[in-house]
Amino acid sequence: MKRVLTGLQPSGELTLGNYIGGIRQLIKYQDDYELFVFVPDLHSITVEQDPSLLKERIRKNIALYIASGLNPKKCTLYIQSENLYHANLSWILECHSYMGEMSRMTQFKEKSASKKNVSCGLFTYPILMAADILLYDADLVPTGADQKQHVELARNLAERFNSKYGETFNIPEPLIPEIGARIKDLQEPTKKMSKSSTNEKAIIRLLDEPEVIRKKIMSAVTDSDNKIYFDEENKPGISNLLTIYSVLKDISIEESVNLFKDSNYGTFKKAVADIVVEKITNLQNKYNEIINSNLIDEILDEGYKKTNEIAKKKYYEVKEKVGLGRTDNIRLYQ
Ligand code: ATP
Ligand code: MG
């Protein structure tokens, strides 16, 4: 079975967009692949974070993923910073990366353009990402357009290392997700809904109170045409609500349009709010059962043990090949 590895950025509390476009996809992967899912908390500190918020979000997001259907019996869940080999391998790979290739990373250019104090971590984080992938000989890495270049770097570093020191790393491939529904911002429906958005009215968080969710949907920006049909270009607000309704009801857009073609916007929005609240309430009930239980720690402890063993083996193989430390110094850590 192919090994798929993916990270879940704790950059904000999860939204309906993350649920529809991200979590549901992962849930499919857990049946088809050996799935490794980690929280890349070391990556999050490439930009400024509030320490207590970060810690809280890591736990909350793990609980939300489990409440949404990620099954810890079918996948391995772990936290990057708890496994010391990620950063160690990253350093060795950094010493095999070139300034030229790193300077071509478009994400860095975009992310650093508007910032005053750009951390060195933001520049080198694609190398840490390569370490995250190569430590586990991942076969496939789910990759959006923005991360494609980084998977390419991981491939190049693996090939470079293998040709210098002999076969060590598996060469990973990007796994391009099926094109799923993209959920839009409720206030500016031409933009996508993002968990790091600053306008709370524009996004539905999975932990929002039902009444808050209703209000946000009822005040979603639409148009003045008062006809319900799907046209993303001219009616982005209504089309977004149709998408949300169809995905959560598991019916086609045409079926939804048929159901509401004679309704006014108020009735339609209320129906959308009803289904969103129903789904999110189910999810929140499961979340409340586990957030304060030992279950999350048990799952993460188990994930740590399993991944630490794999990572340690790979790291010491690398260390030996590069000539670091004494021969057989792995015994110090056994
Ligand atoms: P950020 O603002 O921090 O980038 P985000 O909400 O865009 O947060 P990501 O961490 O970038 O979320 O992505 C997590 C997963 O959620 C990915 O699989 C991504 O494709 C999916 N996703 C994010 N936003 C949406 C959306 N609006 N509609 C559908 N899927 C989405
Ligand atoms: Mg994003």
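Is Ser246 buried or exposed? Ser246 counts as buried because its relative accessibility is 3%. Buried means under 20% relative accessible area, exposed means over 50%, and partly exposed lies in between, with a 1.4 Å probe and protein chains only.

These views show a predicted model, in which local features need pLDDT of at least 70, side-chain atom pairs count only at pLDDT 80 or more, and totals for chains, interfaces and linings use all residues. Residues are numbered from 1 along each chain as its sequence is written, chains are lettered from A and ligands numbered from 1 in the order in which they are written, and side-chain values use heavy atoms, with hydrogens and water left out.

**View 1. Ser246 sits in helix α10****.** This helix spans residues 236–249. Helices (H or I, at least four residues) and strands (E, at least two) are DSSP runs, numbered from the N terminus. Leaving aside neighbours within four places in sequence, Ser246 is in contact with Ile251, Ser252, Ile253 and Ser256. Contact means heavy atoms within 4.5 Å. Ser246 and Ser256 are 10 residues apart in sequence. Their C-alpha atoms are 6.1 Å apart in space.

**View 2. Glu255 lies in helix α11****.** The helix covers residues 253–260. Glu255 is partly exposed, because its relative accessible area is 43%. A polar atom of the Glu255 side chain lies 3.0 Å from the backbone nitrogen of Ser252. Leu242 is 13 residues from Glu255 along the chain. The C-alpha atoms of these two residues are separated by 9.9 Å.

**View 3. Asp250 and Asn226 are found in loops****.** Asp250 is in the loop between α10 and α11. Its phi is positive, about 60°, although Asp250 is not a glycine. Asp250 is exposed, with a relative accessible area of 71%. Asn226 is in the loop between α9 and α10. Asn226 also is not a glycine, yet has a positive phi of about 55°. Asn226 is partly exposed, at 44% relative accessible area.

**View 4. Thr76 belongs to strand β3****.** The strand runs over residues 75–79. Thr76 counts as buried because its relative accessibility is 7%. The side chains of Thr76 and Lys306 make a polar contact (3.0 Å). A polar contact is a pair of N or O atoms within 3.5 Å; within protein, one must be able to donate a hydrogen and the other to accept it, and residues adjacent in sequence count only if both atoms are side-chain atoms. Beyond neighbours within four places in sequence, Thr76 is in contact with residues including Leu35, Phe36, Val37 and Thr307.

**View 5. Asp208 is in the loop between β5 (173–175) and α9 (210–218)****.** Asp208 is buried, because its relative accessible area is 12%. The side chain of Asp208 makes a polar contact with the side chain of Lys216 (2.6 Å). Neighbours within four places in sequence aside, Asp208 is in contact with Ile203, Ile213, Lys216 and Gln284.

**View 6. Side chains of Ser11, Lys195 and Arg182 line up with oxygen atoms of ligand 1****.** An N or O atom in the Ser11 side chain is 2.6 Å from an oxygen atom of ligand 1. For the side chain of Lys195, the distance to a ligand 1 oxygen is 2.6 Å. For the side chain of Arg182, the distance is 3.3 Å.
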